[in-house]
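Colleague: I am new to this structure and would like to learn how to read its features one at a time. Could we begin with the way its parts are named and joined?

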Amino acid sequence: MSSKVASKLLVRTGRLQRPITGPRRFRKIKPDLQVKNWKIVRGDNVEILAGKDKGAIGKVSQVLRGQNKLFVEGLNCHYRYLKPRDEFQGGMVRSEAPIHYSKVALVDPSDGKGTKVGFMFTKDGEKVRVSRRTGTIIPKPPELKVTRIREAYQEGPKDTTAENATKITYVMSKLSFRNEILKALNPKKKSE
């Protein structure tokens with residue numbers, strides 16, 4: 001297709017078919033199709049309901065909420081070839097593929113089987129996950145609460161120091177902005 005025809009097609013239709021340059025692997029889905037209330041979080045034990053690993057139980061390593069998918073450690077794996085680089089020899093590498101959220105079920109801690117999950121409020125007003133089959137509370141995993149350790153963080157050259165962040169640079173007054181400027185520009189006259 002010549003560039004003239006392509007530019008006319010683009011002007012007329014507003015779109016042009018062109019080759020896809022980037023990976024199509026992790027595209028977001030439409031917002032109306034996304035799950036609103038996620039009941040599965042990183043660190044949960046889940047049972048696979050469909051596919052080659054059906055019936056297997058594994059731990060969720062990553063959740064892709066924009067795509068309604070999640071990764072389970074050691075399950076739904078495939079092999080892919082990686083080229084040799086610096087110190088890596090290359091070859092076939094095992095990697096996990098994402099699984100759709102509808103193909104997994106959260107494991108009930110009381111009996112170790114997959115179950116549907118609902119939400120309830122405790123007497124303290126805390127929202128908890130509850131197994132619909134047995135009624136037991138499913139606690140959130142401790143890995144979910146672990147975040148970056150503050151002691152391990154090292155300040156870089158572009159970080160704002162604590163002294164500069166706590167320094168008071170503006171003192172509030174009852175004057176308007178215009179009157180503050182006039183007061184700063186006009187020094188007080190000495191009375192004789």
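Modeller: Helices (H or I, at least four residues) and strands (E, at least two) are DSSP runs, numbered from the N terminus, and two strands pair if DSSP finds at least two bridges between them. This is a predicted model, in which local features need pLDDT of at least 70 and side-chain atom pairs count only at pLDDT 80 or more, while totals for chains, interfaces and linings use all residues. Residues are numbered from 1 along each chain as its sequence is written, and side-chain values use heavy atoms, with hydrogens and water left out.

Colleague: In the hairpin of β2 and β3, which residue takes a positive phi?

Modeller: That residue is N68, with a phi near 60 degrees, in a hairpin that has 4 residues between the strands. The strands β2 and β3 run antiparallel and are joined by 4 bridges, and V63 stands opposite L70 in β3. Strand β2 (residues 57–64) also pairs with β1, again in the antiparallel sense, over 3 bridges, and there V46 has G58 in β2 as its bridge partner.

Colleague: How many helices and strands are there in the chain?

Modeller: The chain has 4 helices and 11 strands.

Colleague: In what order do the strands of the open sheet lie?

Modeller: The order is β9-β10-β11, 3 strands with antiparallel pairing. The edge strands, β9 (117–121) and β11 (137–138), each pair on one side only. Between β9 and β10 there are 5 bridges, and the partner of V117 in β10 is S131; the hairpin of these two strands has 5 residues between them, and its G125 takes a positive phi near 90 degrees. Strand β10 (residues 127–131) pairs with β11 over 2 bridges, where V130 has I137 as its partner.

Colleague: Which residues have the most contacts inside the largest nonpolar core?

Modeller: A nonpolar core is a set of buried Ala, Val, Leu, Ile, Met, Phe, Trp, Tyr and Cys residues joined through side-chain atoms within 4.5 Å, where buried means under 20% relative accessible area, exposed means over 50%, and partly exposed lies in between (1.4 Å probe, protein chains only). Here the largest core has 14 residues, and those with the most contacts inside it are I40, V46, I48, L70, V72, V104 and L106. At least two residues of this core come from each of β1 (45–48), β3 (69–72) and β7 (104–107). If contact means heavy atoms within 4.5 Å, then V72, not counting residues up to four places away in sequence, touches V46, I48, G58, K59, V60, S61, E96 and I99.

Colleague: Is M92 buried or exposed?

Modeller: M92 counts as exposed because its relative accessibility is 57%, and its place is in strand β5 (residues 91–96).

Colleague: And where is D111?

Modeller: D111 lies in the loop between β7 and β8 (114–115), and it counts as partly exposed because its relative accessibility is 33%. Leaving aside neighbours within four places in sequence, D111 is in contact with R133 and T134; from D111 to T134 there are 23 residues in sequence and 8.9 Å in space, C-alpha to C-alpha.

Colleague: What share of the chain do buried residues make up?

Modeller: Buried residues make up 20% of the 192 residues in the chain. As for contacts between residues at least 6 apart in sequence, 43% join residues at least 24 apart.
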